[in-house]
Amino acid sequence: MNQLQNFSKGFIKENPVFTLFLGLCPTLGVTTSAFNGLGMGLATTFVLLMSNIVVSLVKSFIPDKVRIPSFIVIIASFVTIVELTMQAYLPSLFDQLGLFIPLIVVNCLVLGRAEAFASKNNFLSSAIDGLGMGLGFAFALTLLGGVREVFGSGSIFGFKFIEGDGMLIFVLAPGAFIALGYLIVLIKKLQKA
Amino acid sequence: MEYVLIIISALFVNNIVLAQFLGICPFIGVSNKVGTSVGMTGAVTFVMVIATIVTYLIQNYVLVPLNITYMQTITFILVIASLVQLVEIILKKVSPPLYQALGIFLPLITTNCAVLGVAILAVQKDGFGLSHSVVFAIANALGFGLALIVFAGIRESLDLADVPKPLKGVPIAFIVAGLLAMAFMGFAGVVPN
């Protein structure tokens, strides 16, 4: 597999949300708008990229038995960095994402890539894998957030294009499940084409 | 009365799965059979209550006095991960039948964001003492179980239903979850915020 394929697999072919069904809690929880989805996606991308890099560098020093706890500590450190940075520079986004920022630490996508990819591959492949998977995740969250924002509030990235309110149900909890269900169907169709 | 409000709020109004999007992975993953859902609920209740008690004590007697609350994410996830291991070892020794029933679900719980989520929510709530936190944890675990078991029941009958081909599997599960979330929205306003 060349590095370009390694990078691009996260978008459609092995998209973490639409085909692997990983990291579903933040996917459903924060995507009330395209901007929130993008913010969460990029925060996760940073954690995924950095944890993949560090895991691939230190993998030979970590005894096999304490592998998982060590990965969790590495991931939790980067999550704390994101948490404090976002609180300082993007306080409004931090308030919107709320609980889901510390919960990046239990995002199965991050630990899954550390265990399945970074602990077996070299530094460069792991970094590219982390970046690709992270951006694929961000893409999925932005898409879902965009769909919910368009239908739910009649705007995209905060720019309103219809008068009045949209279909409120899309911004509320049920809309998240239903929109994601139909998006999965759509992506499956695209993968076959 | 306070406790009753906490319980009703966590079970129906702010259901942890259907309104707060925590613990979606096991919700979609292990909800094929009612039997496994009951097992999962048992394991989650067990770990969630113990984890909330331990993290509550750590937050109030270690992190806050030492002024290192920014270590919250790292500390909590380590506590939960080691707790899950500990519970597994103790159960194996003390109660083999219970271990048989819950054993396979225990490793999955470390990355169940509902456990970490409830632990963080419990220390964030204003005026929550230890007893409030315990009730809060039990109520949320039961809320998780309620959503999981109801959903598993629906999915068991869904296997026999004539679902359009592109929607088969995960997509229809999400749409059903959306309808279930919509039903739970009917409880909104039962408990004053």
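Guide: What follows treats the contact between the chains, then each chain in turn, and lastly one residue in each chain.

The model is a predicted one, in which local features need pLDDT of at least 70, side-chain atom pairs count only at pLDDT 80 or more, and totals for chains, interfaces and linings use all residues. Residues are numbered from 1 along each chain as its sequence is written, chains are lettered from A and ligands numbered from 1 in the order in which they are written, and side-chain values use heavy atoms, with hydrogens and water left out.

The size of an interface is often given as the accessible area lost when the parts come together. Between chain A and chain B, the buried area is about 3,000 Å², and carbon and sulfur atoms give 87% of it; buried area here is the accessible area (1.4 Å probe) that two parts lose on being put together, summed over both. Of the area that chain A buries against chain B, 22% is supplied by A:Leu99, A:Val106 and A:Phe177, more than any other three residues. The contact (heavy atoms within 4.5 Å) takes 34 residues from chain A and 35 residues from chain B.

Chain A has 8 helices and 2 strands, where helices (H or I, at least four residues) and strands (E, at least two) are DSSP runs numbered from the N terminus. Its elements run α-α-α-α-α-α-α-β-β-α from the N terminus on. The radius of gyration of chain A is 17 Å, close to the 16 Å that the globule rule gives for 193 residues, so chain A is as compact as a globular protein of that length. That radius is taken over C-alpha atoms, and the globule rule is 2.2 Å times the number of residues to the power 0.38. Buried residues make up 53% of the 193 residues in chain A; buried means under 20% relative accessible area, exposed over 50%, and partly exposed in between (1.4 Å probe, protein chains only). Among contacts in chain A between residues at least 6 apart in sequence, 75% join residues at least 24 apart.

Chain B has 9 helices and 0 strands, and its elements accordingly read α-α-α-α-α-α-α-α-α from the N terminus on. In chain B, buried residues make up 52% of the 193 residues. Residues 24 or more positions apart account for 76% of the chain B contacts with a separation of 6 or more. The C-alpha atoms of chain B fill a box of roughly 60 × 45 × 30 Å along the principal axes, while those of chain A fill one of roughly 60 × 45 × 25 Å.

Most residues other than glycine have a negative phi. A:Phe21, however, has a positive phi near 55°, and B:Phe21 has a positive phi of about 55°. A:Phe21 is in the loop between helix H1 (3-8) and helix H2 (24-29) of chain A, and B:Phe21 is in the loop between helix H1 (2-13) and helix H2 (24-29) of chain B. With a relative accessible area of 23%, A:Phe21 is partly exposed, whereas B:Phe21 counts as buried at 6% relative accessibility.
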